[in-house]
Amino acid sequence: MPTVLITGGTGLVGSRLSTMLKEKGYTVLLLSRTAGEGHFVWDLHKGIIDKAALQKTDYIIHLAGASVAEKKWTKERKAEIVFSRTAGSALLVKALTETSTPVKAIISASAIGWYGADTATSQQNGFTETDPASSGFLSDTCQQWEAAIDPVQALAIRLVKLRTGIVLSGQGGMLPAFQKPLRAGITTILGNGRQFISWIHIDDLCRMFIYCLEHENLTGVYNAVAPNPVDNKTLALALAVKMKGKFFIPVYVPAFMLRLALGEMSVEVLKSARVSCAKIKSVGFQFYYPSLDAVLNNLVP
């Protein structure tokens with residue numbers, strides 16, 4: 001079986017993806033800050049990458065990037081978010097340009113932050129891959145992120161970019177954050193709760209990365225979201241019913257409180273964005289978890 005090199009392989013998605021690839025028989029290598037078995041060193045600040053990893057690699061899955069939601073968006077944090085994405089992509093491009101490798105394709109993460117808030121058209125059909133980028137920090141970051149990896153195409157390396165939605169997993173991210181207050185019988189609804197969330201089950205996302213790796217006819221941008229976006233209130237209440245039955249209290253967190261607590265990040269928390277997965281479905285990808293019920297039945301005991 002081929003060898004896959006993953007950047008960001010120790011994060012939430014990367015860890016699960018590594019497991020799923022190994023289960024299929026792939027050899028998995030990781031680019032990380034420390035060396036070890038199957039780990040090859042790269043350092044974005046020093047511009048260092050162990051080219052031996054590239055010489056062993058058939059495919060690269062490029063996930064690396066500082067968490068967008070982990071910390072408040074200070075000037076320094078925003079710079080780190082952008083740098084971790086653009087510098088990692090640029091370092092890969094430089095190394096591939098300078099090294100003879102068997103790399104056939106790169107499947108690179110991006111995000112639906114590319115799109116802005118819902119429009120009349122997206123409310124009907126969802127944002128599609130041909131829609132232009134919006135304005136704002138996340139959109140600007142996504143544009144720089146995608147542009148930084150684009151030059152690999154000049155090296156005759158196939159490039160696929162997956163604009164990922166909100167990842168639902170039992171191990172981290174949004175779902176455990178919503179579950180925490182529910183243990184005390186409280187479900188939190190953010191703002192008015194009417195903002196739509198375009199989500200994807202972590203296993204479907206990992207399967208999509210593998211699908212794009214294995215199908216040589218796929219190139220360009222695909223939205224990595226499930227077919228049925230839901231609004232914040234629907235998600236919060238469905239999770240509450242799953243965990244507590246009728247025994248919970250819904251609590252609305254006003255928009256002004258979110259702005260005070262989160263600063264600029266609150267714009268994204270309160271933004272409604274319906275994103276279409278029609279393109280990836282049109283090339284044969286099938287979701288194991290297309291509905292919120294399917295996700296909750298799988299992830300919530």
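**Pocket lining**

I began with the lining of the second largest pocket and sorted its residues by class: five are nonpolar, none polar and three charged. (Nonpolar covers Ala, Val, Leu, Ile, Met, Phe, Trp, Tyr, Cys and Pro; charged covers Asp, Glu, Lys and Arg; the others, Gly among them, are polar.) This is a predicted model, in which local features need pLDDT of at least 70 and side-chain atom pairs pLDDT 80 or more, while totals for chains, interfaces and linings use all residues. Residues are numbered from 1 along each chain as its sequence is written, and side-chain values use heavy atoms, with hydrogens and water left out.

I then listed the lining: Met 20, Lys 24, Arg 207, Ile 210, Tyr 211, Glu 214, Phe 285 and Tyr 288. (A pocket is an open set of points on a 1 Å grid over the protein atoms alone, where a 1.4 Å probe fits, with protein on both sides within 12 Å along at least five of seven lines; lining residues have an atom within 4 Å of a point.) Helix H7 (residues 202-214) gives the largest share, four residues. (Helices are DSSP runs of H or I, at least four residues, numbered from the N terminus.)

**H1 and H7**

Next I followed H7 to helix H1 (residues 12-23): their axes come within 9 Å and cross at roughly 60°. (Axes are lines fitted to C-alpha atoms over the stretch in contact, and angles run from 0 to 180 degrees between N-to-C directions.) Among the residues that meet are Met 20 in H1 and Arg 207 and Ile 210 in H7. (Contact means heavy atoms within 4.5 Å.) By class, I found 10 nonpolar, no polar and three charged residues in this contact.

Key:
Helices (H or I, at least four residues) and strands (E, at least two) are DSSP runs, numbered from the N terminus.
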